Amino acid sequence: MSTVSWITVRGLFGRRRFLLLLPLPVLLVGLAVLSRGLGVEPTDWGPPVLVGLGLAVVLPVVALIVGTGVLGAEIDDGTVVHVLTTPLPRSQIVLPKLAVAAGVTAVTVAVPLFAAGLLADSVRLGVALAAAASVGALAYTALFVAASLLTRRPVLLGLVYVLIWEGLLSNVVTGTRVLSIQHYVIALADRLAPTDLLATTVSVPVAAVMTVLIIVAATFLSIDRLRSFSVAGETS
């Protein structure tokens with residue numbers, strides 16, 4: 001593990017905000033276990049728990065907490081100065097931090113989604129949800145890391161995207177789903193394990209292409225933005 005990655009992991013797990021990652025995954029598994037234990041049909045509880053909670057809330061919110069924390073918190077408290085004074089290319093700062101953010105998000109979300117998918121249908125659905133969520137974790141964190149470098153209110157901007165764009169508009173205006181990471185994840189999971197529990201109008205090719213575009217564009221934007229920061233941590 002590189003020095004930047006180790007510093008990022010230590011800083012992420014050392015902040016209280018990491019505790020915010022635990023309640024939602026626990027709630028997801030708890031609802032799945034409760035529904036299965038009460039004998040509720042998977043067709044009744046699967047969509048609201050797997051999609052409505054797991055993919056629409058747990059995944060993006062965890063990614064938002066982690067993604068805005070790996071660089072945004074350092075900018076806020078001034079510790080980014082120590083990173084900026086190193087002779088490392090900005091790409092060698094952004095990429096390890098993004099990798100840590102995506103990895104932590106993926107593990108935090110994929111495990112409970114696998115458990116919920118297993119309880120709802122099968123091991124195949126659990127694996128599909130975990131794999132698709134891991135891809136979504138990379139896309140979300142890349143987007144939110146970029147947001148933390150573009151604005152002093154990255155959490156607010158992220159919530160607008162998650163709650164307004166994905167949560168409201170994508171359910172009312174079908175055409176907006178083409179710019180929704182949530183629906184990319186649903187499309188990929190449904191392709192890996194076709195089921196009536198998952199449904200979206202976004203095709204798999206569109207989901208795959210758009211996911212790659214978002215990851216690449218957001219990563220390059222983060223690197224370029226970090227280059228414009230002075231030693232004081234402000235944009236020049």
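Q: Which residues line the second largest pocket?
A: The lining of the second largest pocket consists of Leu143, Phe144, Ala146, Ala147, Leu150, Leu157, Gly158, Tyr161, Ile214, Ala217, Ala218 and Leu221. A pocket here is an open set of points on a 1 Å grid over the protein atoms alone, where a 1.4 Å probe fits, with protein on both sides within 12 Å along at least five of seven lines; lining residues have an atom within 4 Å of a point.

Q: What should I know about the model and the numbering?
A: This is a predicted model, where local features need pLDDT of at least 70 and side-chain atom pairs count only at pLDDT 80 or more, while totals for chains, interfaces and linings use all residues. Residues are numbered from 1 along each chain as its sequence is written, and side-chain values use heavy atoms, with hydrogens and water left out.

Q: How much space lies in the second largest pocket?
A: About 160 Å³. That volume is the space filled by probe spheres set on the grid points, which are joined across faces, edges and corners.

Q: Which helices each supply at least two residues of that pocket's lining?
A: α7 (123–150), α8 and α10 (204–227) do. Helices are DSSP runs of H or I with at least four residues, strands are runs of E with at least two, and both are numbered from the N terminus.

Q: Which of them gives the most?
A: α7, with five residues.

Q: How do the lining residues divide into nonpolar, polar and charged?
A: There are 11 nonpolar, one polar and no charged. Ala, Val, Leu, Ile, Met, Phe, Trp, Tyr, Cys and Pro count as nonpolar, Asp, Glu, Lys and Arg as charged, and the others, Gly among them, as polar.

Q: Zooming out, how many helices and strands does the chain have?
A: It has 10 helices and zero strands. Of the 236 residues in the chain, 48% are buried. Buried means under 20% relative accessible area, exposed over 50%, and partly exposed in between (1.4 Å probe, protein chains only).

Q: Back to α7: is Leu129 buried or exposed?
A: Leu129, which lies in helix α7, counts as buried because its relative accessibility is 1%. Its C-alpha is 9.8 Å from that of Val51, 78 residues apart in sequence.

Q: And Leu138, what does that count as?
A: Leu138 is also found in helix α7, and it counts as partly exposed because its relative accessibility is 31%. Leu138 and Ala106 are 32 residues apart in sequence, with 7.8 Å between their C-alpha atoms.

Q: Phe220: buried or exposed?
A: Phe220 lies in helix α10 and is exposed, at 58% relative accessibility. The C-alpha atoms of Phe220 and Ala142 are separated by 9.6 Å.

Q: Where does Leu59 lie?
A: In helix α3 (residues 42–67). Leu59 is buried, at 0% relative accessible area, and its C-alpha is 6.0 Å from that of Val109, 50 residues apart in sequence.

Q: Last topic: which helix holds Ile164?
A: Helix α8 (residues 154–172). Ile164 counts as partly exposed, at 42% relative accessibility.
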